[in-house]
Amino acid sequence: MYELIPYLAIAAAIAGLLLAAYFAKVVNAASPGNELMQEIAAAIREGAMAFLRREYRAIAVFVVALSVVVFAVLPTLRPWGSIALILGAMFSAIAGFVGMRIATAANARTAEAARQGAGEALPLAYRGGAVMGFSVAGLGLLGIAIAYLFFVQILRVDDAFQVVAAFGLGGSSIALFARIGGGIYTKAADVGADLVGKVEAGIPEDDPRNPATIADNVGDNVGDVAGMGADLFESYAGSIVAPMVLAALLFGGVDFDTKVVADSFNTLQQSTFLFPLFIGAIGMFASIIGAFLVRGRKGRKLSTQLHFGTNVAMIITAIAAVFGAFWMFGDVDEVAAPLWLGMPIVLGLAAGYLIGFASEYYTSDHFSPVKKLAKQAETGHATVIIGGVAEGMISTVASVVLITGAIGGSYWFGLLAMPDLGIDGGLYAAALAAIGMLATTGAVVAVDAYGPISDNAGGIAEMAHMPPEVREVTDSLDSLGNTTAAVAKGFAIGSAALTALALFRAFTAAVQIDAINLVEVDVIIGLFLGAMVTFAFAALTMKSVGRAAQQMIVEVRRQFAEIPGLREGKEGVKAEYARCVDISTKASLREMILPGSMAIILPLLVGLYSAEALGGLLAGALVTGFLLAIFMANAGGAWDNAKKYIEAGNHGGKGSEAHKAAVTGDTVGDPFKDTSGPAMNILIKVMTIVALVFAPIFIAT
C-alpha cells in the first residue's frame, strides 16, 4: 500500500491546482469596473509584474550560483542535487507568479463587487487569495512527491534524501529573497506615502494626489502576495521534507555513503518516510472542501465567514490523520500504538490555530491590547511606541508556551507510539507536528492573500472616487485582512520553529553529533553567533526600509512642491507615479542582497570551522529568531490596527493628535510586521537546511 502514497499526493496536488484554475476563472469572469478603475488596476498590475520579473532575474543568478556550488563541493549529489535545487526554486517562483497575476486582477473586481455589499465582495477576494493558496500548496506537494518518486524510487540515487532536501533549499532561496525584497519594496512605499501624504499634506490614504499611492498598492502585492506565498511555499515544503529526511537518517539506515534501494525498505522505514506525504495529501483534500464553504452571507460576521472554511479543513485533517496513522502504522512491529503518531498532527493543528488566535488577540481592534494602545495615542507619539513595543514583547509568552507545548506533547506521543526507539521516535513525532500545523496551507494562504486584495480594492475605490459606502465595505474587508495576515504569520512562524527543530536534529544525525555540549567553547561561540545573526538580520532589513523610504519621501515632497496644483487636486493634474514605483523597485533589489546572502554564507563559514559550532549557531538562531519574529509581527500589527481603530472615530478620529501619534506607530511598525518579522522565520529555516544539505563537507572537516 505504501507505494500508492506518492501517487495519492500527486492526485491531491493536481486537485488543488485545478481548484486554483477554477477560482482564477471565476475571478476573471467578474466585472472589473469602469474605465478609470481598470486603468488604475492596470497600473498596479504593470508595476507588480515588472518588479516580479526583475526580482526573479536577480534571484535566478543566485540560485544558479548556489546550484554550481552544490555541484562543485558535493560530488555524491551530482548532478541531482543541483537539479532538485533549481526545481524547488522554479516551483516557488511559479506559485508567486500565478498568485500575483490573479491578485492584481481581483483587486478592481472586488472594489466593483463592493457596490453590492460585503456579501459579494468577500467571497470574490477570498477566491482571488485561494488561487495563491492552492498554487502554493499544490506545487509544493507536487514537487516533493515527484522528487521522492524520481530520486528515491525510480533512479535510486545515492543520498536520495539529501537530494530531496536540496529541493527544499531551492524553495527556501526564493522565499528568503522574495520576502526581503518584497518587504522592502512595500514598506518603502507605504512609509513614504503615509509620512508625506497623511501627516504632512493631510490627505487621505490612497488619495490619487499622492505620488506614492500606486507604488504602495504595488507593494501590497509584491510583499503580501508574492512574498508571503514564497514564504508559505518554503514553510510547507520544509515541513514535509524535514520529517522525511529525519526518518531516513534515524530509521532508514541512510548515511552519506549509502545507496538507497527502495525495494529494501522495511515497513517502519516506508511508513515513516511516506506519512508526511500522506498528511499533505489529506490536508489538501480537506482544504479544497473548506474553500467551497466560504460564501458571503448577510447577517454573519465577516471574520466568521472567512475562517469557517479553514476551521472545517482543520477538523477534517485532524480526524483523517488519526485514522491514517492506524492505516499506515497498524502493521509496523516497532509501532506499539499507532494512535499516538496521529496525535502530533492534531497537536500541530491545534497549536497553529492557537498561535494564530494569540496573534489575533494582540493585533485585532476587537480586543483590549489594541484598544489600550489606541488610548495611549492620546498622550503622544512616545507612549504609542512604548506601548507597541511592550505588547509585542509580552505577546511572545503565549506563542512560546504553545510551541513548547507542541514540541513536548508531540515528543511524548512519539515515545508512547514507539517506545523501543527511544528519543528518536519522540523527535520524529515532534517533526510531524510541523506538517500538522501546515497541512491546511491552501486554506491558510487563501485567507492571508485575501488581505492585500481587499487593501488594493480600498485603494482603487479611493482613487476612482467611488461612493463612500463602497469605501466603507472595502475598509471593513481590509481591517479583517490585517488580522488574517497576523494569523497567517503566526502559522508561518510557529511552523518555522518546529520545522527548524526537525532539520536541526537531521543535521546533527548527518554529521554524527550525538549531543550539543554547552560547555564546549565552539558550541558557545556558535550560540552567540546564532543569536547575533537574527538581530543583525533584523537591523539590516529595517535599515534597508529606512534608506528606501527616505528616497521615497524626498521624491513625494519634490512632486508636491514642483507640480503645480497636485497637492490641491486640480483637475487634469496627475502625479508621476512611475518615478515612485521605480524608486521602490531599485531600492528593494539592491538592498535585499546583503541580508539574503548572509543567511547562506554564514552557516557555510561556521560549519567549515566546526560542525559543533554550527550546531550552536543553529540553536541560538532558532530561539532568538522565533522570539524576534513573534515580537515584531505582533507589535507591528498592533500599531496598524490601533491607527485604524482611531480612524473609525475613536479617541478623536482622523486628523486628531491621537491619530497623528498612531500614524507614527503604524509607520514604525510597517517594517516590523511586513519586512523583518516575517523574513525571520525563513532565515532560521534557510540556515538549518543549508547546514543539512552541505553536511558532508562539514564531516570531512
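Predicted model: local features only at pLDDT ≥ 70, side-chain atom pairs only at ≥ 80, totals over all residues.
Residues are numbered from 1 along each chain as its sequence is written, and side-chain values use heavy atoms, with hydrogens and water left out.

Select Val218, which sits in helix H6 (residues 213–250), where helices are DSSP runs of H or I with at least four residues, numbered from the N terminus. Val218 is buried at a relative accessible area of 0%, buried being under 20%, exposed over 50% and partly exposed in between, with a 1.4 Å probe and protein chains only. Leaving aside residues up to four places away in sequence, Val218 touches Ala43, Ile44, Gly47, Ala48 and Tyr185, contact being heavy atoms within 4.5 Å.

Next select Ile94 in helix H3 (residues 80–113), which is partly exposed with a relative accessible area of 40%. Ile83, Ile86, Leu87, Met90, Ile94, Phe97 and Val98 make a nonpolar surface patch of about 510 Å².

Finally, turn to the second largest pocket, which holds about 610 Å³ of space. Of its 22 lining residues, Glu39, Ile40, Pro208, Lys574 and Tyr577 are the closest to the centre; a pocket is an open set of points on a 1 Å grid over the protein atoms alone, where a 1.4 Å probe fits, with protein on both sides within 12 Å along at least five of seven lines, and lining residues have an atom within 4 Å of a point. Helix H2 (35–73) gives the most to this lining, with 7 residues.

Technical notes. Helix = DSSP H or I, 4+ residues; strand = E, 2+ residues; numbered from the N terminus. Patch = residues over 30% accessible without salt bridge, like charges linked within 9 Å, V, L, I, M, F, W, Y side chains within 5 Å. Areas by Shrake-Rupley, 256 points an atom, 1.4 Å probe, with all protein chains shown as cover. Salt bridge = Lys/Arg side-chain N within 4 Å of Asp/Glu carboxyl O. Points joined across faces, edges and corners; volume = space filled by probe spheres on them.
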